[in-house]
Every structure is written in structure tokens, then in C-alpha cells.
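I opened the notebook for another look at a structure. Here is what I looked up, in the order I went through it.

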Amino acid sequence: MELSTFFQQLANALSLGSLYALIAIGYTMVYGILRLINFAHGDVFMLGAYFAFYAISALAMPWWIAFVVALGLTALFGIGLERAAYRPLRDSPKISVMISAIGASFLIQNLGVVIFGGRPKSFPSIALFDTVVHFGPVSVLSVSLFIPVVTFLSLAGLLWIVNKTKTGLAMRAVSTDLDAARLMAIDVNKIVSITFGIGSLLAALGGIMWTMRYPQLNPLMGVMPGLKCFIAAVIGGIGNIGGAVLGGFLLGMMEILIVAFLPELTGYRDAFAFVMLIIVLLVKPAGLLGKAQAVKV
Amino acid sequence: MKRILGIIAIALAIALLFGCAKPADKAASTVIKFGVFEPLTGANAAGGAEELDGIRLAQGLYPTVTVGGKVYTIELAIADNKSDKVEAANAGQRLVDSDKVTLVLGSWGSSLSMAAGPIFEAAKIPAIALSATNVLVTKDNPYYFRVCFLDPFQGTVMANYAFKNVQAKNAVIIREVTNDYSVGLAKFFADSFKGLTGNPDAILAELNYQTNDQDFSAQLTRVKTLKPDVIFAPGNYTESALIIKQARELGITAPFLGGDTWEINEFIQVGRQAVEGAVMSAFFDNDAPLTPLSGVFVTEYQKKYGKLPSGTAVLGFDGYLLAIDAIKRADSIDPIKIRDAIAATKGFEGAAGVVNLDVNGDPIKSAVIKEVKDGKFVYKTTVAP
């Protein structure tokens, strides 16, 4: 392989990996704090993209206002989703909440089909993000330069909130022991709402970045990225925010490298992601950066 | 006591409801149901919607069929196969079991038709594929027919175009490996192109991707190093538009050729500037009428939907008309007799040309070649078989 091709493939891998990482951050944060695998994350991601699409195309907003509006709306939606589908089950077994999450996922997808229609929509082109940038023989779409920046800013912001703020302290308390946190006069409902708000905002951010890279919206667009980012989060150690970024990059790299070096296995690209998940679960169940937890019986 | 009364009242109300429904059922015996088997959600949704538009237009113009002096109203039972092979089998089963349709129209996408083919065959219900071009849709299935041309012909047409018009000496194929249509068409193109160039290595590489993939940068980076004269990429309009867009972003300038599945407006909406110059084979062009009915179709379509029809919608129109024609010829609403009538179709004049069905249930039809120009599909030429 020529060097220029190698660098181009590396750029492709970083571009895809940082997208996965961005979406996986929100996934893993909700799990880390609430011990809930939010299967509807991919669908919230889809909603974020659609909100941005309608804000730009139907309401003719400038893109940056549209993005803020979409992020806000999606965050509100996430808070509403938690209140409707997860809060009533807070004291039920974890499995009930997970099933509720799967139900919520299907509900959002099908509502999406009814409201937005099944035909794909094309995301408007924004010159700043939709320009080709050349670095010698390597060319990338400008949005691919923004995505890693957004990913690392989100990562830094999230780590700051969780580790340095009072809300973050409360989040960690809720994560450790929900009942004890309540006894310490922490408003658990508020903290859970904030967690979902931030998680959904990150999903929307991922959705918007995704549709600028792959400018095509449909109500089921969140399914595969949702699954892939779940895998990324598990690989990195679910609940570990830094791990999600690592997992996202690894998954993106692997998907590109398989096609680049083993083209005859391209058809199995998605299968490889799942194989990777199984291997990680067998060899290091807590994920690459996760800590094994002792469970008291 | 009150509660018991309440229950009785509800029971009475329900009984009344069912009681009322009975006579309506009897009246419904003069209804004949056509199953519409199309992807209305998922990756192929726009294709399914186009065919459904064509079927609905035909239904609006010809809402009844007379059999043995009795007028039957045609109802459409629409089943969404969700662009998914597993769902397609479920949707097909539903049409057979719960909708109890007399015949089936569809589906856009050969793989989806093939998934339900055995179900229609087992139920002895005739099915008419509208734009499914893969050979295997009708082969060895006496109950599946079609009103469009086939992939061996389409592959040859595009290979000829690549060789004569683009003057390509070599080509790269990018195919959707999970899609029978794409794999089949790619093979016919490759065989024909190798024959034309006389070079068994004229196909530099065959690269794969999967349905619903969004990122093709790894495959396209390989294409860039191969520097082909032309790229043949049969597949759904959804992925294809993204492939061409990403190819142009990587600086690949070779022309892209594709098949009938590209001629959907979403192809241009998603691909925008990038798909300018993309060339594809198609079924029909509004400016090249084939029968007197072609003009009727174009006018009525514009009247109903306020836009120009695509080459896919016209096949939905033709499939519906062929079904009515066959029912009249069979003079029966028995699905097996209708099947025999469809199989015997000779000289049926649809809006998209004359249909003569052969032993396999396939017509021989000409193809048109179109190019994307200024955000529109523009007619280039007609190729006779």
C-alpha cells in the first residue's frame, strides 16, 4: 500500500471513529450514572438530526441557531422520555427498565415513520462543513475535522461536569447508591433529569455531526449507529467516559482497516463489530478501561 | 347492580356492533383485493412509494373490474415490507393469510420479491413484480411475473455504454453484496464488459458494501489507487448517492454508471452536485412515449400528483392494468385462473410498452439511458433489446 493511501485510510478511520466516540460518550454516561442501558439512545440521535433538519429547511434558521434549537429540543425530549418511560420503573428490577427502553426505541422509530415519513430526507449543505480539504494527497470533508474537536470538547466538558461540579458530585453519589444519595438530601429526580438531558444533548450532537457527514435522514437511521456505539461503549468499559472514546476510535479504525486490508471480508463488516463485542465480553468483561466490580451476594 | 347493568349495556353495544357488521360483510363479497407488497419504510422507501403512486393512479382511473356480469370494486391491501428480507416474508404471509388477497403487485427491490416468492407460490396467488429486474424473481416460480426488463439485458446495455460512449478500457464495480439485484447486475455487466474489451482483466476490482452502510471511504480509497476509466455501482439510490458524493470528496473523477434503481428523486437530493453526470439505465421516459397509454399516464399523473412521473411509477400503473386485463381474460376471480391468464399475456399494451410474457413470466422490453443534468434525470437514448 502506498503511503498516501495509508494516510487517507487513517484519515477515514479517524473520521468514522470520532463519530462513534461522540455518540458512545452519551450512551456510556447514562449507563455510568443510572446503570441503565438506554436502548433508545440511537433514536434520540435520529430525533436530534431531524430537529436540526426541520429547523434549517422548514423554519429557515441559520445553521448555528438551528443546531442550538435542535440540541435544546432533544435534551428536553430526553428528559421527557425518562419521566414517561423510566422514572415509573425506578424501583422495579433493572430488566424492566431495559425492556421499557427497547419499547421506547421502537415507539420513537415508528412515530418517526408516521410523522417524518419513510422516504429519506437530504440534510441541507452547510458550506463551512461541506467543503473538501486537501492535505497533500489526502482529502477529507471539512466536517470530519470538526468532529474530533467536538468529540474531545464533549469529553472534556463531561469529565469536568462529572468530576468538578456539585451536580457531578451528586451524579456520582446517585451512581454509587441511589437510596443513600436520597437520604443525603440529593434531589435524585433532578439529577436523573440532568443526566438524561446531557445524554440526549450529546446524542443530538452526534446525530447532527453524523448527518453532515452522511447527509441522509430516515427514521431508522439511529438503529445501526446506536448498536455500534453500544459496542464501542462496552469495549471501552461501559460507564467509563474515556473508555467510550477509546472504544469508538477502535471500532472505527477496525471497520476501515478491515475494508482496506481484507476487502473480501467487507460484507462481514458489521459482523466484525459484534465479534469484537463477544471477544471483549469473554476476555475482559469490564471492558478495556473498566474496573471489575465485586458483587456482594 | 349498577355494575351488572353496565356490563350488560356494553355487551349489548358490542353485539350490536358485530350485528351491524354482518350485512356489510355480505356487500363486501363484490370486492376484489389486490395486495400491494412494497417497501414503504427503510432504505427503499422512496422506490416503494413511487410504485404505489403508480398503482393508486391506475386504481383511481379504473376502480372496478367486471367478471361474469358482476362489478367488483378493487381494494388495495398495502403491506410494508420495510426494505428488509425477513420483514418481506412476514409481510407476504400477512397478505396471504389475513388480507386474503387475490393477487399481489410488487415489490420494488428484487431481494424483497424473492423473499416472498415462495410464500405466494405456496398459497397459489399470482404476483406481478413491477420493477424487480433480477432473473431469479420469476425463474422457477410459476406464480411470479413481471412487467419490466431483466438484468442480463440491463447489464449488457450499461456495459455497451461504458465501452462505446465512455470509451472505457477498464472498470471498477462497487456492489451491494447483501442485495441480489446488485450482485446479479454487477455480474452481467462484468461478463459483457470483459467480452467487449476482449480483456479478461478489464474489471480491476469488485468492491463490496452492505445495505444501510453510510461510510464508503475505505472502499473508495482503493478505487482511487486503481484509477479506473469508469465505475459501475448498481445498488439502491440511498447508498449509491452517498457513494458518489464520498467518491467526489476523495477526488475520484471517473464517471459513475448505475441501474434502474437510481432513478428516484432522492438520488439527486442526497447526491446534489456530486451526482451530476451519473448515467443509468431506466424503464421509461416521459418524452419518449411507447404506446397511446403513455401520454394518458403522464397527463393523469401530473394532474393527480402535481409533478412529473418517474420511470418506476409507470410500472406500478402497468402492473395494475395487467392484473385487471388478466382478470377480464380469465373471466374469474379465482387466483389460479388469473395466474393462467397472466401467464398467457400477449401483446398487452401498458403505458411503458407492450408486454409479451415468455415461459418464465418475463417480458422483453427496451431500456432508456438517462443522465443526471442540472439536478434532473435527462433522457439520452433508447436501447432496443
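This is a predicted model: local features need pLDDT of at least 70, side-chain atom pairs count only at pLDDT 80 or more; totals for chains, interfaces and linings use all residues.

I began with the contacts of Phe116(A): leaving out residues up to four places away in sequence, Phe116(A) touches Tyr50(A) and Pro219(A). Contact here means C-beta atoms, placed from the backbone, within 7 Å. Residues are numbered from 1 along each chain as its sequence is written, and chains are lettered from A and ligands numbered from 1 in the order in which they are written.

Next I asked where Phe116(A) sits, and found it in helix α4 (residues 94-116) of chain A. Helices are DSSP runs of H or I with at least four residues, strands are runs of E with at least two, and both are numbered from the N terminus. Is Phe116(A) buried, exposed or partly exposed? I count Phe116(A) as partly exposed because it has 18 C-beta neighbours inside 10 Å; buried takes 20 or more other C-beta atoms within 10 Å, exposed 12 or fewer, and partly exposed lies in between, with C-beta atoms placed from the backbone. I also checked Ile102(A), 14 residues away along the chain, and its C-alpha atom is 21 Å from that of Phe116(A).

Then I zoomed out to chain A, which has 11 helices and 4 strands. Its C-alpha trace spans about 60 × 50 × 35 Å along the principal axes. Of its 297 residues, 49% are buried.

Last, I looked at the interface: 28 residues of chain A are in contact with 30 residues of chain B. On the chain B side, α7(B) gives the most, with 6 residues.

Conventions:
Two residues are in contact if their C-beta atoms, placed from the backbone, lie within 7 Å.
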